[in-house]
Structures are given as structure tokens and as C-alpha cells.
Amino acid sequence: MSSDEIRLGAGGADVTVRPGDGCRVGSLRVDGVELLRQGERYGSFPMVPWCGRTREGKFRNGDVLHQLPVNSPPHAIHGTARDAAWKTARVSDREAVFTYDLTDPWPYPGRVTQIVELTDDALTLRMAIETYEDSFPAQAGWHPWFNRHLAGDPEDAEGVQLRFDAAWQELRGDDHLPTGTRIDPTPGPWDDCFGMPDGVDVTLTWPGRLELKVASREQWVVVYDEPAEAVCVEPQTGPPNGLNTAPRLVTPLEPLETSTTWTWRRL
């Protein structure tokens, strides 16, 4: 099937997915208003088979040490799938299914499936990593770039507001990786990982326009709100450098499965 943009629509919402560009959600519009920052590297992309930074691109699987390409020196960042072309498996008006076969530079064969489902007031993203051969550690998550300001907002408007109640914040070092120490959440701006044992629950509010809730059963979320144009709320199956500190093992009997749902309401 074609790797061109896939378009889904439901109610007043429209989504485009670009399987040839890392299977990223390139656009999410509600009542014609774009919620995601536009551009080749933006939108919202799946992070797989790892999330965030992996220290010096190195991780172990048992006694075997692997070296990943250092694409954000001195670390490897955000997985390999965002730079790959995915295959489109199935499309309907409101749902699309995509697959990606893990290959070099990832050292283990496997398959990733992403399902994108749109309803009148929510977008649900599901991802699964499967292997039919060797078991390996992995992570999965999403990296959305939400516009700080929506079209039509006055230039001096404050922009989107973030609200969440985390149990802890991962103290990060100068290398942007968690140190292993958990602290009480600090005021932003952030490029930090937070723990939510009851599941990710973050609300973005564009005053007078829209409220959007990012939810996931996972307990890890990275919040990145330093850029002037956008904020990122990234639910994921483990913290940055999690291949080394909190790996989830993918086995022939147990795939790694995760999901996130973004629900909105008009204000």
C-alpha cells in the first residue's frame, strides 16, 4: 500500500498519519484548529524500541553489550522507528494499522505494530513490540509536540497551561539522564521525567479554547516545555536510559504492549 498520508476523520476532528516519515501523526485538527506543531520532525512520533536518551548508545541484554548509533551526542535518542518507513496494513474511516520490522541498527529482529484510532472526542494510539526469536529489552512511547498557541490566539496570550500531579520527579544530571534519585516535583520549565504510579494523567488547557487530557496506563511521562513554540507530554513504558535501568523484556510469549489516549473537550 502507499506510504502517502493517511487521513482519518470523526466528528469535528481530523488526523493525518505519515507512515513513510516514522509513522508520525503529522496533524491533529479539532474544528479545523491544528493542535500539533508542524514540520518534518514534529507532529507526534512513536519512540521505539527505546524512549529518550540511552547512555552513550550502549545497553546490555544479559552478558551481551550492544552499541547503538549516537544520534544525539553523547547518547542515542528516541529509537530507530521514527527515521524509518512503516507499512500500512489496514485503513478505515476512523482507524489505521501500521507495521515496522525492526532491523539494523537495532540488533534483534522483531515487529512493531501501531494502531491509530479516532473518535469524535479522542485519539487513541496503541503500540506492540513482538519477537518470534530472541528475547530483548525494549521501550515504547510517544513524543507529541503540542502547539503552545492555537491559531487565532492573541500574540500576548499565555498559551497552553499544563496540569499534572506526579508522585516524583527523576533527578537528572548534566547529561540529561536520570541519576537514580527521586525528588519532589519542581516548578518548570522542564525537560524531565515524572513518575505516576496510577497511570499518566496530564491535562493541557488552551484557555477559552480547548482542554486535552493525555492518559496512559504507563507510570512514566517526560514533560518538555522549554521551547517557545510547543510543549511535549511523552507517555512511555520506562524512564530515559530505561534500556539499562528499567528494561521491559520482549519475549516470544510476551510482547510489549502500551497505549495512550488523548481526550479533548471544547471550552
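The mean positions of the 26 positive and 41 negative charges of the chain lie 1 Å apart, where Lys and Arg count as positive and Asp and Glu as negative, with His and the chain ends not counted, and where each charge is placed at NZ of Lys, CZ of Arg, CG of Asp or CD of Glu. This is a predicted model, in which local features need pLDDT of at least 70 and side-chain atom pairs count only at pLDDT 80 or more, whereas totals for chains, interfaces and linings use all residues. Residues are numbered from 1 along each chain as its sequence is written, and side-chain values use heavy atoms, with hydrogens and water left out.

The chain holds one helix and 25 strands, these being DSSP runs numbered from the N terminus (helices: H or I, at least four residues; strands: E, at least two). Its radius of gyration is 18 Å, close to the 18 Å that the globule rule gives for 267 residues, so the chain is as compact as a globular protein of that length; the radius is taken over C-alpha atoms, and the rule is 2.2 Å times the number of residues to the power 0.38. Of the 267 residues, 54% count as buried, a term that means under 20% relative accessible area, with exposed meaning over 50% and partly exposed in between (1.4 Å probe, protein chains only).

In soluble globular proteins, nonpolar side chains tend to be buried together. A nonpolar core is here a set of buried Ala, Val, Leu, Ile, Met, Phe, Trp, Tyr and Cys residues joined through side-chain atoms within 4.5 Å. In the largest such core, which has 61 residues, Ile 129 and Phe 146 touch the most other members. A second, separate core of seven residues includes Tyr 42, Phe 45, Met 47 and Cys 232.

Most residues other than glycine have a negative phi, and most peptide bonds are trans.
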